[in-house]
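Here is a short briefing on one protein chain. Keep the structure open while you read.

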Amino acid sequence: MNDQPVQSDPALDEAYQRWSESAAAVLAKSRRVDVADLPDAPEALLSTSTADGLTVRPLYTRKDETPEPGLPGAFPYVRGADPARDVTAGWRVTERFGDDPAVGAAAVNTEILEAMNNGTSGLWIAVGGAVSADDLATVLDGVYLDLAPVTLDVGENGIAAAEAFAAIRAGAPEPPVTIAPTVGTTHSLGLSPLTAAFSGRPTVDAAEATALAVANPDPALRTFRVDGADFATAGADNGLEIALVVGAALTHLRDLTDAGLSPAQALTQVSFGVSVDDDQFASIAKLRALRKIWARVAGVLDAPEVGGALTHAVTALSMYSQRDPWVNMLRSTVAAFGAGVGGADQVSVLPYDAALPASKRTSGPTFTRRIARNTQLLLLEESNVGRVLDPAGGSWFVESLTDDLASNAWAVFTDIEAAGGYRAALSSGWVADRIGESLARRDVEVAHRRKPVTGVSEFPNLDEKPLGQDTADTTGLATGGPRLARVGRAFEALRDRSDAVLADTGRRPTVLLLPLGSVAEHNGRTTFVANLLAAGGIAVINPGPVTADDIADLATAANTPIAVICGTKQRYADDGPAALAAARAAGIGNVLLAGPEKEWPATESDGQAKPDGSLRVGIDAVATLNDLFDTLTTSTPVGADTSGASA
């Protein structure tokens, strides 16, 4: 899928070589080695890898320039599917309605009309809770269906809902001014039988959905919604999500053409749901890469003129945290920016408390929806992001990332085809295995805090009000599902355990810090340790600088079986052994070191005392915190009354 770079420029090559030499000198100086002793070239040393296994280099130049990928709305649609987008309106601000079963259809209609008066320009309606198929006429009363695209989110009664919506649309009064349908006004019946078959969401029979599409193949009313969120919320990386939605969409095309539609007609019956998260460049590239691959499919089918993938970008529920949920406003802002810049036709920002069960939310739905809506309106109306079609186009980095991601996804897509197609890959367990592998890789990155979750694994607020013990059950969340695997769930499970201990005992599990030397010497490490432990729901007692003589009294007052010695390497050499001995003598059974174990002073014999472990950058924080939590809740703390215990 990669386009060939433009021809090399000798002057540019020379300039790049000068940069490389300068970067090598800086790296060598920072590592206190000679340039010749660097283990690799500067570009490799400064590069990073994505979850998809792609390499992001430190510098992109004209060397990385690729041929112009066409205009927005033209094949291969990398730059957007809509040639007629109104730049004064931008993408469609699509808001979701109907999830609260306690709200009746008339009330949902009131919510919709109020939202549309306040900036909403697209509707995403959940059918099956507050709204039934018979309620759709009431819900959509007063909505101009020629202007506002409607996407249905339907369950097992999706066929009835689809037929009801088609009838409403057919019977709608003629508008005073006729407007030709565009990508921006295309409706979706939301039938997702193939992707929901993986996620476990209720859905319809694929054969019935195919028959519905064949009966009336209206290009302005798309039957199938191939929903990438079914894979992304379960842990699929970007390339895998693209490959799976293209594989599922191609399966729909085969069903439709087998049932009698032409390839061009079949292509106009598919739209895409795309999950976007707080990696803005990855989200931009994901949307562009999906359109590039889908255009290639259309080209093979000799219907390139209808090969523009219609995309509805939705902020990823898996990135949302339950702890410190207000941070989700920032995550969703970055995701919405990536979706808009990436050329999504519709964008939905989930409310910032979307990961919380409804019973645990502290803000009203009107407020949270308004914040989500205004996130997009600020980008459109104040930042003017929508006034430029494909604003990332021409960026050497974005174009390269788009091509790399498309190549990655195409390789996985061909694996799906080699496995017999999407249905065969799903039934054999191939899809579940690949997504499981992707989730496992992500969980490792999160556990080691290489993928930080602000407010959860980094900078947690340990004094945050407990949420209650049913937060782990997220199966009822809108846009969620049985396979939902939120990024920060392992750390939040530790916080739930801590809340339970607090409720039972009136005190969180607690660790004693033993700072050595001045504040300047130990502050960096005491802060690091306190932040790390708080991510697992463990509190700390920091008495300030201590000496070995202070430790016995501090240990008794702290009443904890774990202490952490914090200081510099030199301070460990001067005062560490005495502090360790004093902690042991005071009855603290588990003494840890802040920083690498190699900083502990060298011993003359293996029998000389050493700390029991260390807390440092790069450890498996989830495993370490679980072990510490177990120790804190099962060991006898210093100073505990054991007079009644049996011998």
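Which residue forms a salt bridge with R57? The partner is E43, with the closest N and O atoms 3.8 Å apart. The model is predicted. The structure holds 38 salt bridges, and a search of the whole structure finds 10 aromatic pairs.

**Salt bridges**

- R57 sits in the loop between strand 2 (55-56) and strand 3 (92-97), while E43 belongs to helix 2 (residues 42-45). The pair links distant parts of the chain, 14 residues apart.
- R57 is partly exposed, with a relative accessible area of 22%. E43 also counts as partly exposed, at 26% relative accessibility.
- D153 forms a salt bridge with R96, and their closest N and O atoms are 2.8 Å apart. This pair joins strand 5 (residues 150-154), which holds D153, to strand 3, which holds R96. The two residues are 57 residues apart.
- D153 is buried because its relative accessible area, 17%, falls under the 20% cut-off. R96 counts as buried too, at 14% relative accessibility.
- R571 forms a salt bridge with E521, the closest N and O atoms lying 3.0 Å apart. R571 lies in helix 20 (residues 569-585) and E521 in helix 18, so the bridge ties together parts that are 50 residues apart in sequence.
- R571 is partly exposed at a relative accessible area of 22%, and E521 is partly exposed at 25%.
- A network of salt bridges links E68, R79, R288, D390 and E399.
- Side chains of opposite charge can pair when their charged atoms come close.

**Aromatic pairs**

- Among the 10 aromatic pairs is that of Y16 and W19, whose ring centres are 5.4 Å apart. Their planes meet at 45°, so the pair is tilted.
- Y16 and W19 are three residues apart in helix 1 (residues 10-31), so about one helical turn separates them.
- Y16 counts as buried at 17% relative accessibility, whereas W19 counts as partly exposed at 25%.
- Y352 and F367 make an edge-to-face pair, 6.4 Å centre to centre with 85° between the planes. Y352 is in the loop between strand 10 (346-348) and helix 13 (365-382), and F367 is in helix 13. The residues are 15 residues apart, and the pair links distant parts of the chain.
- Y352 is buried, with a relative accessible area of 4%. F367 counts as partly exposed, at 42% relative accessibility.
- Y60, F281 and F397 form one aromatic cluster.

**The second largest pocket**

- The second largest pocket has a volume of about 1,000 Å³.
- Its lining has 41 residues, of which A51, N238, D277, D279 and K451 lie nearest the pocket centre.
- Elements that give two or more residues to this lining include strand 1 (48-49), helix 9 (238-258), strand 8 (270-276) and helix 11 (280-300). Helix 12 (328-341), helix 14 (396-418) and helix 16 (430-447) also each give two or more.
- By class, the lining has 18 nonpolar, 10 polar and 13 charged residues.

**T526**

- T526 is found in helix 18 (residues 519-535).
- Is T526 buried or exposed? T526 counts as buried, at 3% relative accessibility.
- Not counting residues up to four places away in sequence, T526 touches L513, P515, N542 and C566.
- The C-alpha atoms of T526 and S49 are separated by 31 Å, and the two residues are 477 residues apart along the chain.

How values were computed: Residues numbered from 1 in each chain as written. Predicted model: local features only at pLDDT ≥ 70, side-chain atom pairs only at ≥ 80, totals over all residues. Heavy atoms only, no water. 1 Å grid on protein atoms, 1.4 Å probe; cavity = no way out; pocket = protein on both sides within 12 Å on 5 of 7 lines; lining within 4 Å. Points joined across faces, edges and corners; volume = space filled by probe spheres on them. Helix = DSSP H or I, 4+ residues; strand = E, 2+ residues; numbered from the N terminus. Nonpolar A, V, L, I, M, F, W, Y, C, P; charged D, E, K, R; others polar. Buried < 20%, exposed > 50% of the residue type's maximum accessible area, 1.4 Å probe, protein only. Contact = heavy atoms within 4.5 Å. Salt bridge = Lys/Arg side-chain N within 4 Å of Asp/Glu carboxyl O. Phe/Tyr/Trp six-rings, centres within 6.5 Å; stacked < 30°, edge-to-face > 60°.
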